[in-house]
Amino acid sequence: MKNHHHWHPTYTITPATAAALMQIEADRTVVEQTPLPLAVREEMRRRTRDLLLTKLISCEVDVENIDVQMPNNGGA
């Protein structure tokens with residue numbers, strides 16, 4: 001029997017990053033739950049993307065130790 005240990009990284013998030021992530025989540029919720037015209041939803045998604053990319057590029061969000069796992073959709 002193998003002993004499996006799952007490592008869960010910890011992250012320090014600055015107040016500015018936390019605020020940015022909360023804004024991203026708020027924007028996502030609005031986009032998903034509000035019957036807005038397609039152009040408005042796309043603009044909100046663009047702004048959210050630009051905000052997150054700015055934080056990533058400026059290293060305000062540290063992604064060095066993030067373990068991204070993709071769901072297995074029955075593919076190869």
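The legends below describe several close-up views of a predicted model of one protein chain.

**View 1. Overview of the protein chain.** The predicted chain holds two helices and zero strands. Of its 76 residues, 12% are buried, and the accessible surface comes to about 6800 Å², with 59% of that area belonging to carbon and sulfur atoms.

**View 2. Helix α2 and its buried side.** Helix α2 runs over residues 38-57, and its 20 residues should span 28 Å at 1.5 Å a residue, which agrees with the 28 Å that separates its end C-alpha atoms. The buried residues of this helix are Met44, Thr48 and Lys55; because they cover an arc of only 35° around the axis, they lie on the same side of α2. What covers these buried residues includes α1 (15-33), whereas the face of α2 turned away from the buried side carries the exposed residues Ala39 and Ile57. The helix is followed by Cys59, whose phi is positive, near 65°.

**View 3. The salt-bridge network around Glu43.** Glu43, Arg46 and Arg47 are linked in a network of salt bridges. The side chains of Glu43 and Arg46 meet at 3.3 Å, N to O, and these two residues of helix α2 are three residues apart, about one turn of the helix. In the salt bridge between Glu43 and Arg47 the closest N and O atoms are 3.7 Å apart, and this pair, four residues apart in α2, is likewise separated by about one helical turn. An α-helix has 3.6 residues a turn, so residues three or four places apart point the same way. Glu43 is partly exposed at 32% relative accessibility, as is Arg46 with a relative accessible area of 37%, while Arg47, at 53%, counts as exposed.

**View 4. The salt bridge between Asp50 and Arg49.** The count for the model comes to three salt bridges, and one of them joins the side chains of Asp50 and Arg49 at 2.9 Å, N to O. Asp50 counts as partly exposed at 36% relative accessibility, and Arg49 is also partly exposed, with a relative accessible area of 44%.

**View 5. A nonpolar patch on the surface.** Ile13, Leu21, Leu52, Leu53, Leu56, Ile57, Val63 and Ile66 form a nonpolar patch, and together they have about 660 Å² of accessible area. The largest share of the patch, four residues, comes from α2. Ile13, by contrast, lies in the segment before α1 and is partly exposed, with a relative accessible area of 48%.

Technical notes
Residues numbered from 1 in each chain as written. Predicted model: local features only at pLDDT ≥ 70, side-chain atom pairs only at ≥ 80, totals over all residues. Heavy atoms only, no water. Expected span 1.5 Å × (residues − 1). Buried < 20%, exposed > 50% of the residue type's maximum accessible area, 1.4 Å probe, protein only. Arc of directions from axis to C-beta. Contact = heavy atoms within 4.5 Å. Areas by Shrake-Rupley, 256 points an atom, 1.4 Å probe, with all protein chains shown as cover. Patch = residues over 30% accessible without salt bridge, like charges linked within 9 Å, V, L, I, M, F, W, Y side chains within 5 Å. Salt bridge = Lys/Arg side-chain N within 4 Å of Asp/Glu carboxyl O.
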